[in-house]
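Subject: Structure handover

Hello,

Here is the structure for you to look through. My notes follow below it. Please keep the model open while you read.

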Amino acid sequence: MNIRPASPLRVQHPAVADDPRWALIVARDKSADGRLWYSVSTTGVYCRPSCPSRTANPKNITLHDTIESARATGFRPCRRCNPDGPSLECENASLVAKACRLIEESEDEPSLEDLAAAVERSPSYFHRIFKASTGLTPKAYAAGHRAKKVREGLETGTSVTEAMYDAGFNSSGRFYEKSNGMLGMTPTQYREGGVNEDIKFAVGQSCLGAILVASSAKGVASILLGDDPDALVRDLQNRFPKARLIGMDRDYEALIAKVCGFVENPGVGLDLPLDVRGTAFQRRVWQALQEIPVGGRVSYSDVARRIGLPNATRAVAGACAANNIAVAIPCHRVVRNDGALSGYAWGVDRKRVLLDREVLQSA
């Protein structure tokens, strides 16, 4: 009787697809970089989890807890994700930071070609990574920085002419052409705290309590909510300390009626000319908020991703808190990641009322 020898016992390793670490690779999770690597037998490379290359078949993948283990395969490091060095994202962030310093330190606005040459990248590639990192084009970033320098100069008492040249404007004509867009008023008015600027306002009542709407010549500059109408007027005075506040007549009261009507019935929509005053980043966040539909809710991280800056969640929350135009710039539609209501400048209870009404209207 022939007895066949027993086959050697094989150790069964769990399939890569069943390993919880595989999900990090499928998601290209950047937080796993530096803690996990994988090698691909069919291509002979090893990669970091966030590698942008097409996801390989898990049957051809080996997971590694150390870079030394990945190197021991004898495979070469992936050229796309550079697992032995800084990630492409880190490298690009460094290039963008360098370009931002060049913009901020230059007397004249550098051209796209000059900036790209300084970081040794093609203009098209540099433009793409700059916008992906900052949410702005290099030109818009330069304009925002220039506007910031103008505001800082005027706020410290610098003459208009000095502020103009310090910000890199070589022509007074070009400066005054852009000043209203940057400041919302003339440079002299801004330097003097809005002196001689007329701010029209009226106060109405709704289910949210008192509502104050205030406008400049450009558009609605503030919508404030509260319990005490007099306190809202004092708040407006603090926001525009040297402007002339003008209580408006029946024609203006039609505007506040429109705002109150929207609060009571969000389905009617609210289309107002706005005088939005803020930094370039804040304006970008506020624009993203205006694109959230009635009845919609997003998280702060959702907004950060929408403006192309997924790591700027806290800055987005700060921009929401700095919003002076309630309802028309709907920061009330931003909630926490778990759906819970977060802080609201005019009270969480008002935020809940606004959201509940919008849900009913959109149902």
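**What was found**

Of the 363 residues in the protein chain, 42% are buried. Buried means under 20% relative accessible area, exposed means over 50%, and partly exposed lies in between (1.4 Å probe, protein chains only). This is a predicted model: local features need pLDDT of at least 70, side-chain atom pairs count only at pLDDT 80 or more, and totals for chains, interfaces and linings use all residues. Residues are numbered from 1 along each chain as its sequence is written, and side-chain values use heavy atoms, with hydrogens and water left out.

**The chain as a whole**

The protein chain has 15 helices and 10 strands. Both are DSSP runs, numbered from the N terminus: helices are H or I with at least four residues, strands are E with at least two. Now the contacts (heavy atoms within 4.5 Å). Take those between residues at least 6 apart in sequence: 58% of them join residues at least 24 apart. The accessible surface comes to about 19,800 Å². Carbon and sulfur atoms hold 50% of that surface. These areas come from the Shrake-Rupley method with a 1.4 Å probe; for residues, only the protein chains shown count as cover.

Next, look at an open sheet of four strands. Their order is β7-β6-β5-β8, and the pairing is mixed. The edge strands are β7 (220–226) and β8 (244–247), and each pairs on one side only. Two strands pair if DSSP finds at least two bridges between them. On average, neighbouring strands of this sheet are turned by 25° against each other, direction ignored. Strands of a sheet pair through backbone hydrogen bonds, either parallel or antiparallel.

Which way do β6 and β7 run? They are antiparallel, and six bridges join β6 (residues 209–215) to β7. Ile 211 has Leu 225 in β7 as its bridge partner. Helix α10 (residues 229–239) packs on this sheet and touches β5 (198–206), β6, β7 and β8. The direction of α10 makes about 145° with that of β7. Such angles run from 0 to 180 degrees between N-to-C directions, and the axes are lines fitted to C-alpha atoms, for helices over the stretch in contact.

**Salt bridges**

How many salt bridges are there? The count comes to 11. A salt bridge here is a side-chain nitrogen of Lys or Arg within 4 Å of a carboxyl oxygen of Asp or Glu.

Start with Arg 21 and Asp 65. Their closest N and O atoms are 2.6 Å apart. This pair links distant parts of the chain, 44 residues apart. Arg 21 is in helix α1 (residues 20–26), while Asp 65 is in the loop between β3 (61–64) and α2 (67–71). Arg 21 is partly exposed at 27% relative accessible area, whereas Asp 65 is exposed at 52%. Asp 19, Arg 21 and Asp 65 are linked in a network of salt bridges.

Then find Asp 84 and Arg 71. Their side chains meet in a salt bridge at 3.4 Å, N to O. Asp 84 is in the loop between β4 (76–77) and α3 (88–105), and Arg 71 is in helix α2, 13 residues apart. Asp 84 is partly exposed at 37%, and Arg 71 is partly exposed at 40%.

Last, go back to α10. Asp 235 and Arg 239 form a salt bridge there (3.0 Å, N to O). They are four residues apart in the helix, so about one helical turn separates them. Asp 235 is partly exposed at 24%, and Arg 239 is partly exposed at 30%.

Best wishes
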